[in-house]
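Here is a brisk report on one chain. Start with the overall picture, then go residue by residue.

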Amino acid sequence: MAETRFGAAINKALADAMEADSTVVLLGEDIAMPGGPFGVTRGLMQRFGGQRVRDTPISEAAIAGMAVGAALTGMKPVVEIMFMDFMTFAMDAIVNQAAKAHFMFGGQCSVPMVVRTPHGGGLNAGPQHSQCLEAWFAHVPGLKVVVPSNPADAYGLLRSAIADPNPVIFVENKTLYSSKGLLDADAVAIPLGSARVCRVGSDVTLVSYGATVNSCIAAADILATESCSVEVIDLRCIQPWDQALVTASVRKTGRLVIAHEAVTPFGVGAEIAATISEQAFNQMKSPPFRVGAAFMPVPFGRSLERGYLPGKEEIVEALQRSMNWKKSA
C-alpha cells in the first residue's frame, strides 16, 4: 500500500478505467491541458490523447447533453462539472434524459455515464460554489449517487461507477482533494451501495458520508473518553444506501445519529431517520437525531462559514442528546 492523495486516487481510477476500456472518455471544462480546476485529471490528456480527454465549451447543459448522447451510442463518458452548484444547468439532460432512458425505452438501452462534481464548503468560495446538493439527485429514480470519504474508497467506487450501466453522480468534497490515505497498488472496485463500518461500537450508531465522516470519527474519539462506544458507519453511497447494515447496527445500539454537511431539512439524514424508524422502531432507545448545516446559503466570510459548517462539536452534542434522552411520562 502507498499513501495517496484523494485527488490522485481519482486520477488513478480514471486512468485505469481508460486503460482497460477504450470506450471510456472524459469531458469537461479545462480538464485536458490544465487538468481541471483541482488538478484531478492532470496528465490524462498527454497519456490518452485529445480524442479521449476533451475540453468542452463553458456550457454544462451542452456537456451533459453530449454525454447522454455518447452513452446511448456505446461510449462511457465521465463528465466533470466544475462545481456541484453548476449542476443546475445540466438538470434536464441528467434528470429527464439520463435517469429515465432505460425505463422509457423498455430496457432496450442504458446510459453508462458518470458525472463527477465537487461539493461542499470550507474554502470560502461563497454561496454559489459551496453547496451540497446530493439529496436532489438521490430523489430521482434511475440515478445512483456516490460520495466517498477517503482515497481508497474514491478509487474503488469510481471504478464501479464507470463500469455501471446506469448514470452515476460521483460527488467529491473539495476539502478532501489534498487529504491522504492508503491505496493498494492492486486496488479493486467497491460495489455501489455497500457501506463501511469505520469504527465498531455498542452504544450509539453514527452514520455519515463524504468529508463529514472524519468529523464523526473525531467525535467518536471524544465520546470514548466518556465511556460511550460509538459505531461509525460511512455510507459511501446515498443512492442506493446500505439499509441492511445501518438497520442491523441500530438494532444493536438502539440509537441513531446522522451527520452530513448538507442543510438539514429534507436531506439524506431525514430519509435515513424515517426509514430506520420504520424498520427498527421497537429496538430504539431514543429518537434519531440529525446534524447538518443551517438552512441558509453558504456564507462567504471565513468566520461565518466556519460557524455554518457542522463539525465534531455539533456531532458530539447530538450523540450526547441521544445517550441522555429519556422518554417523558
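Charge comes to 27 positive and 30 negative side chains in the chain. The centres of the two sets lie 4 Å apart. These values, like the rest here, come from a predicted model.

## Overall fold

The chain has 12 helices and 14 strands. A compact globule of 329 residues would have a radius of gyration near 20 Å, and the chain agrees, with 20 Å. Along the principal axes, the C-alpha atoms fill a box of roughly 65 × 45 × 40 Å.

Of the 329 residues, 54% are buried.

Helix 9 spans residues 243-253. Its buried residues include Val246, Thr247, Ser249, Val250 and Thr253. They cover an arc of only 160° around the axis, so they sit on the same side of helix 9.

What covers these buried residues? Strands contribute: among them are strand 10 (204-208), strand 11 (230-234) and strand 13 (256-263). Helix 10 (268-280) is also part of the cover.

Both ends of this stretch deserve a look. The peptide bond joining Gln239 and Pro240 is cis, with omega about 0°. After helix 9 comes Gly254. The phi of Gly254 is positive, near 80°.

## Backbone angles

Most residues other than glycine have a negative phi, and most peptide bonds are trans.

Asn124 has a positive phi, near 55°. Its loop runs between strand 5 (114-119) and helix 6 (134-138). Is Asn124 buried or exposed? Asn124 is buried, because its relative accessible area is 15% and the limit for buried is under 20%.

Phe266 also has a positive phi, near 60°. The loop that holds Phe266 lies between strand 13 and helix 10. Phe266 is exposed, with a relative accessible area of 79%.

## The loop between strand 2 and helix 2

Gly35 is in the loop between strand 2 and helix 2. Arg42 is found in the loop between strand 2 (24-28) and helix 2 (44-48).

Gly35 counts as buried, at 0% relative accessibility. Arg42 counts as exposed, at 56%. The two residues touch: Arg42 is among the contacts of Gly35. Leaving aside neighbours within four places in sequence, Gly35 also meets Asp30, Val40 and Thr41. With residues up to four places away not counted, Arg42 touches Asn11, Pro34 and Gly35.

Thr56 is in the loop between strand 3 (53-55) and helix 3 (60-72). Thr56 is buried, with a relative accessible area of 12%. Which residues does Thr56 contact, leaving aside its neighbours within four places in sequence? They are Leu27, Gly28, Glu29, Ile63 and Met66.

Lys12 is in helix 1 (residues 6-20). Lys12 is partly exposed, with a relative accessible area of 26%. Not counting residues up to four places away in sequence, Lys12 touches Tyr155, Leu183 and Ala185.

## Separations in sequence and space

The table sets separation along the chain beside C-alpha to C-alpha distance.

| Residue pair | Separation in sequence | C-alpha distance |
|---|---|---|
| Arg42 and Asp55 | 13 residues | 12 Å |
| Gly35 and Ile94 | 59 residues | 24 Å |
| Lys12 and Val145 | 133 residues | 20 Å |

How values were computed: Residues numbered from 1 in each chain as written. Predicted model: local features only at pLDDT ≥ 70, side-chain atom pairs only at ≥ 80, totals over all residues. Heavy atoms only, no water. Helix = DSSP H or I, 4+ residues; strand = E, 2+ residues; numbered from the N terminus. Rg over C-alpha atoms; globule rule 2.2 N^0.38 Å. Buried < 20%, exposed > 50% of the residue type's maximum accessible area, 1.4 Å probe, protein only. Lys, Arg positive; Asp, Glu negative; His and termini not counted. Charge placed at Lys NZ, Arg CZ, Asp CG, Glu CD. Arc of directions from axis to C-beta. Contact = heavy atoms within 4.5 Å.
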